[in-house]
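Work through the exercises below with the structure open beside you. Try each task before reading its solution.

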Amino acid sequence: MGCGVTKSNHFHKHTTSGKAAILIQRWYRQYVARTEMRRRYTWHVFQSIEYSGEQAQIKLYNFLGYLMDNFTPSSNERNLISHIFRENEVCRDTEWERYFCFKNIEVPEIYSGPHLTFPLTVEEAVGLVEAFRNKKQQLHSRYVLQLLLETWKLLRLLPNINRISTCHSKEITICGDLHGQLEDLLLIFYKNGMPSLEKPYVFNGDFVDRGRDSIEILLILFAFLLVYPSDIYLNRGNHEDHIVNLRYGFTKEVLSKYKMHGKRILKLLQKIFSWLPLATVIDQKVLILHGGISDSTDLSVLARLDRHNVRNRREIIKRRASFTYPKPLGARDCFHNRSLQDFSDRIRVNVENPLEVKRREELTLNAQINKSEQDSLMRKFKTALISSSHQILDLLWSDPMAQDGCIPNEVRGGGCYWGPDVTEDFLNRHNLQLIIRSHECKQEGYEFCHNRKVLTLFSASNYYDVGSNRGAYVKLGPDLVPYLIQYQASSMTRELTVKQSVGRTERSALRVLREQLFAHKSDLLCAFKKFDSENTGLVSLNNWASAVENVMHLDLPWRMLRCQLVTCKNSEGMINYYDWFNELAILQLSCLLETLYRHRSTLETIFRIVDTDNSGFISMENFRQTWKLLSVYLKMEITDEAISDLAIAIDSNHDGSIDIDEFMEAFRLTDKKSRLERGRSITGNGGCSTEGSEILGWGWRVL
């Protein structure tokens with residue numbers, strides 16, 4: 001009997017333990033699923049906003065190109081921006097060394113940073129890495145200019161497509177985007193070793209922008225390139241472009257670190273970027289390029305084109321034709337110019353001005369190039385040059401997709417999406433077996449697609465925020481089987497739990513998203529009112545999600561995000577969108593101010609384009625011309641009187657110039673939640689004396 005009771009008790013205990021284990025497993029699976037869901041939508045928020053910014057950048061560039069094609073050479077608007085489309089002012093190779101002569105720059109005795117001699121030695125390159133690792137004094141501008149000049153001389157000798165072999169070494173290491181994150185490059189060198197004859201590297205573009213140490217990364221890579229020209233290979237990325245640098249921070253970084261000689265450094269880097277090779281092929285089987293391919297990508301065409309000025313030559317021919325025979329822009333897969341259609345009506349008023357027409361006719365008569373000769377010129381060069389330039393655009397900007405085919409990359413605004421069938425055809429035509437590309441941030445640092453024939457590699461860890469993603473690099477041996485290494489450079493990620501890491505990244509993404517919603521209040525109100533015909537201030541969840549997507553165009557799971565963004569709903573589940581705006585702490589703003597805040601990145605880019613000497617200041621007249629350009633671009637009316645009042649208000653010291661950084665600081669947003677938290681810590685009363693989001697500086701007061 002005693003034994004029977006014991007067995008019954010054991011059975012009961014085992015049953016209870018089993019049920020508890022099942023409950024724990026069920027809870028854990030739900031916890032993991034919820035965490036992964038949060039990670040995915042957080043990722044989607046960051047990526048959608050990033051691509052939206054890139055699309056705006058290409059639209060602005062296309063718009064400025066359209067102005068160049070349709071305004072006459074003497075117009076103020078054209079003169080204001082013409083410098084970004086033509087060859088560098090000092091464009092003859094024989095003049096470059098004299099223009100960027102470093103010999104007249106003295107290195108003071110108190111300088112404690114690294115010293116360089118040329119030809120560069122391995123010890124000096126390694127010393128440069130150690131100096132930047134230890135955050136010592138930055139490299140002196142004399143050495144920077146000398147290093148860049150030597151790099152430019154070497155790059156001019158390299159082919160468009162580097163071809164290398166694994167037979168001379170055991171492995172080749174390939175790295176993806178670094179985006180100014182020096183800690184990632186240093187970690188790669190720590191884990192994998194410094195570049196050497198036995199350890200060659202391929203760096204696949206996007207060395208600069210977004211991060212704070214872009215110039216240091218370039219100097220390290222260029223130093224090793226000079227020491228090991230046959231073992232270090234640098235591909236060009238879409239961010240190795242001076243127009244993109246104006247928007248994403250590299251230009252500002254160089255000017256802040258090298259205040260005296262920053263302009264010369266930027267000009268030389270502009271030239272260097274145009275000479276970077278476009279791709280690398282390993283063992284005739286593995287193609288490494290930054291963005292991707294299209295159904296028209298041809299390596300034989302890419303190998304022959306004049307990579308450093310193909311775009312500029314194309315622009316010269318296009319402009320010559322447009323001045324003489326103005327006509328609508330052609331449409332090579334019209335998506336490349338689609339954003340221009342929005343502006344054509346506004347601009348055509350200026351183009352068809354009788355005085356401008358007469359001036360254009362006089363230019364035509366004086367050119368002494370008759371129509372038949374020009375048509376012959378166009379037939380001879382147009383197809384080849386435009387095709388080549390679009391191949392480069394596809395190579396730098398394209399992304400893979402799961403579906404077959406090749407379609408415009410509407411998300412980024414440039415390049416294309418290509419499918420597995422395009423990959424298969426391309427590999428067969430060129431007798432290749434693998435494409436390694438970068439250009440896209442991946443949560444694990446890498447991702448295979450197209451039956452493992454395309455590998456995306458991203459080496460900037462914590463790209464969106466601490467813990468948002470890993471970085472990765474890949475090694476290829478003679479067998480050409482990819483061996484991937486993942487890492488996270490920030491020590492903070494090792495201190496955070498999974499829950500803390502996901503929560504931190506989620507809060508950061510939602511803060512960015514709220515700023516985007518803040519900037520579109522007027523459009524959102526109009527969209528909500530279409531669903532609220534009786535003006536009750538209420539919309540359903542479905543209508544709220546539809547309206548927000550129709551305005552934001554971010555392709556986000558708004559129904560899922562509603563719990564994070566909206567708490568003000570009634571008992572019937574309807575959302576009060578007026579209360580929602582108050583919840584977001586959006587101020588009652590004028591349409592002009594809201595529009596300017598929404599396009600603040602574009603505004604800063606235009607300012608820095610107008611600032612031709614990279615001084616950080618623009619004249620009052622150029623300030624007025626900038627606002628006229630912006631008014632055309634945004635299709636909004638800004639009166640001369642309003643511009644003058646704004647200029648006077650900004651020019652506080654009355655020196656007749658505008659400080660760009662001071663102007664943009666006026667649009668810095670301070671989040672309500674962070675302000676309230678600071679108020680509680682300081683006053684203990686919750687900081688309730690301030691309401692709404694705040695933009696610092698004179699901006700709100702003036703406008």
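**Exercise 1.** Which residue in E4 does Phe203 stand opposite?

*Solution.* The model is a predicted one. Begin with strand E3, which covers residues 201-203. E3 pairs with E4 in the parallel sense, over 3 bridges. Now look across from Phe203: the residue opposite, in E4, is Leu234.

**Exercise 2.** Find the helix that packs on the sheet and touches E3 and E4.

*Solution.* The helix is H7, residues 214-227. Next, compare directions: that of H7 makes about 130° with that of E4.

**Exercise 3.** Write down the strand order of the open sheet of 5 strands, and name its edge strands.

*Solution.* The order is E4-E3-E2-E13-E14, and the pairing is mixed. The edge strands each pair on one side only; they are E4 (232-234) and E14 (483-487).

**Exercise 4.** Which strands does helix H6 lie across?

*Solution.* Locate H6 at residues 182-192. This helix lies across E2 (172-175), E3, E13 (471-476) and E14. Relative to E14, H6 runs at about 125°.

**Exercise 5.** Describe the protein as a whole: how many helices and strands does it have, and what percentage of its residues is buried?

*Solution.* Count the elements: 29 helices and 20 strands. Then take burial: of the 703 residues, 54% are buried.

Technical notes
Residues are numbered from 1 along each chain as its sequence is written. This is a predicted model: local features need pLDDT of at least 70, side-chain atom pairs count only at pLDDT 80 or more; totals for chains, interfaces and linings use all residues. Side-chain values use heavy atoms; hydrogens and water are left out. Helices (H or I, at least four residues) and strands (E, at least two) are DSSP runs, numbered from the N terminus. Buried means under 20% relative accessible area, exposed over 50%, partly exposed in between (1.4 Å probe, protein chains only). Two strands pair if DSSP finds at least two bridges between them. Contact means heavy atoms within 4.5 Å. Axes are lines fitted to C-alpha atoms, for helices over the stretch in contact, and angles run from 0 to 180 degrees between N-to-C directions.
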